[in-house]
Amino acid sequence: MSGLEIILLCLVLQAAASDLAWRRIPNVLVAAGLMLALALHCYLGGNSALLAQGLAGATVGLLLFLPFYALGGMAAGDVKLAAMAGSFVGPWQALQLALLSALAGGVLALFCLQLARWRGAKAEGMPYAVAIAAGTLASVALAHR
């Protein structure tokens, strides 16, 4: 596993923990992760190709989740987290990461609905950073199989 992947996993796990605890993903975490990914791509790449990959990955992550935010189904922090994760992995893996996050999000949604049902309460949102972290972990694991 590369250093970039380890840093990415640490960041998304921290975001998931924050989302579980406070239902917020700190902007400073996402901004620092994005800047770190782009800086590391510049440092490791030596040319603009890796930087372009990072920017393209961030764009893919942003554009795939932005419609859900616009429709009110997702918070802005989740969209920014997906863009940050994409900046580490590039556009193709960002697409894979988004699809795996959506699958994890479906499982998480069923879990949250069942939990609310057991409690006799109404389900109110879910910590989607957990799904993004699971999708990121799965994507990184698939990259190394």
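In which handedness of crossing does α2 pass α3? The crossing of α2 past α3 is right-handed, meaning the near helix is turned clockwise from the far one by less than a right angle.

## About the model

This is a predicted model, in which local features need pLDDT of at least 70 and side-chain atom pairs count only at pLDDT 80 or more, while totals for chains, interfaces and linings use all residues. Residues are numbered from 1 along each chain as its sequence is written, and side-chain values use heavy atoms, leaving out hydrogens and water.

## Two helices side by side

Helix α2 covers residues 27–45 and helix α3 residues 48–70; their axes come within 7 Å and cross at roughly 155°. That makes α2 roughly antiparallel to α3 (angles over 145 degrees count as such). Helices here are DSSP runs of H or I, at least four residues, numbered from the N terminus. Axes are lines fitted to C-alpha atoms over the stretch in contact, with angles from 0 to 180 degrees between N-to-C directions.

Among the residues that meet are Leu 34 and Leu 38 in α2 and Leu 50 and Ala 58 in α3, where contact means heavy atoms within 4.5 Å.

## An aromatic cluster

Now for some rings: Phe 65, Phe 68 and Tyr 128 form one aromatic cluster. Rings of Phe, Tyr and Trp (its six-membered ring) pair if their centres lie within 6.5 Å; planes under 30 degrees apart count as stacked, over 60 as edge-to-face and the rest as tilted.

Phe 65 and Phe 68 both lie in helix α3, 3 residues apart. Phe 65 is buried, with a relative accessible area of 4%, whereas Phe 68 is partly exposed at 47% (buried is under 20%, exposed over 50%, partly exposed in between, with a 1.4 Å probe and protein chains only).

Notes. Parallel < 35°, antiparallel > 145°, perpendicular 65-115°, else oblique.
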